[in-house]
Amino acid sequence: MDTTTLFRLDGRIALVTGGSRGIGRMIAEGYVAQGARVYVSSRKAEACEETAAALGPNCIALPMDVSTVAGCKALAAALAEREERLDILVNNAGAAWGEPFEGFPEKGWDKVMDLNVKSPFFLTQALFDLLKAGGSAERPAKVINITSIDGQRLNPWETYSYHASKSALIYLTKRMAARLVRDHVNVTSIAPGAFASDMNKAARDHGGDVARAIPARRIGVDEDMAGAAIYLASRAGDYVVGDTITVDGGLVNASLGVSIDG
């Protein structure tokens, strides 16, 4: 048994949506460090270019808005002009919306559900031929959906569509995995907990306060997210199919409940 290259991604081609910042950038940076050629995509071309410049020549900007099916197809077409296969797709682009129940708007439902649930499905569908070209029985291609612990437990905020979307994506991961594994494409997900990002402003701006509720007593750092994503994308994770890896310092699975015994 040779484990020296178990986590390497040399020669692999990856696409990370929402890859210009936050969790997406953490993953992109980890993949580049392990030898992959990584395309980062988001709505903001300038942000993609800045990230590509920072991460080096093996990171390429490919900006696109994947909030619509047309945008998903356009991104797939743009990648197909550059590559004959895709080994790793990370569906990370996402949105959140918080508003009290009484006034929660339809646009706060549609925007979040479209980007968090519909887009991962239709982008994967649009890239299916490239993924099949990248996968084999010996080395499957990978689709990694970025879900959330908010799909596994409640948070204190009124983020109705976000909770629903991330729960849906966790289960959609299983359903897609059951079909795509036939074509040597493994689908999994990562459910992050508290990581500092523009979406998780609490962790970004009040990390010490947030950490007190986490069994590990800290918020996540870049290496925590990159490590999980590298594991699933690499040979080390080839036998993991349909599962969700929770990366949250124990909040979901190692938190003690509140006692009601007097």
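Predicted model: local features only at pLDDT ≥ 70, side-chain atom pairs only at ≥ 80, totals over all residues.
Local features need pLDDT of at least 70, side-chain atom pairs count only at pLDDT 80 or more, and totals for chains, interfaces and linings use all residues. Residues are numbered from 1 along each chain as its sequence is written, and side-chain values use heavy atoms, leaving out hydrogens and water.

**View 1. An open sheet holds seven strands in parallel pairing.** The order is S3-S2-S1-S4-S5-S6-S7. Strands are DSSP runs (E, at least two residues), numbered from the N terminus. Two strands pair if DSSP finds at least two bridges between them. S3 (59-61) and S7 (244-247) are the edge strands, each pairing on one side only. On average, neighbouring strands are turned by 20° against each other, direction ignored. Axes here are lines fitted to C-alpha atoms, for helices over the stretch in contact; angles run from 0 to 180 degrees between N-to-C directions.

**View 2. Strands S1 and S2 run parallel.** S1 covers residues 13-17 and S2 residues 37-41. Five bridges join them. Ala 14 stands opposite Val 38 in S2.

**View 3. Asp 10 and Arg 8 meet in a salt bridge.** The term means a side-chain nitrogen of Lys or Arg within 4 Å of a carboxyl oxygen of Asp or Glu. The whole structure has twelve salt bridges. Here the N to O distance is 2.7 Å. Asp 10 is partly exposed at 49% relative accessibility, and Arg 8 is partly exposed at 29%. Buried means under 20% relative accessible area, exposed over 50%, and partly exposed in between (1.4 Å probe, protein chains only).

**View 4. Asp 224 forms a salt bridge with Arg 218.** Their closest N and O atoms are 2.7 Å apart. Asp 224 is partly exposed, at 25%. Arg 218 is also partly exposed, at 42%.

**View 5. A network of salt bridges links Arg 139, Lys 142, Arg 235 and Asp 238.** Within this view, the side chains of Arg 235 and Asp 238 meet at 4.0 Å, N to O. Arg 235 is partly exposed, at 43%, whereas Asp 238 is buried, at 11%.

Note on methods. Helix = DSSP H or I, 4+ residues; strand = E, 2+ residues; numbered from the N terminus.
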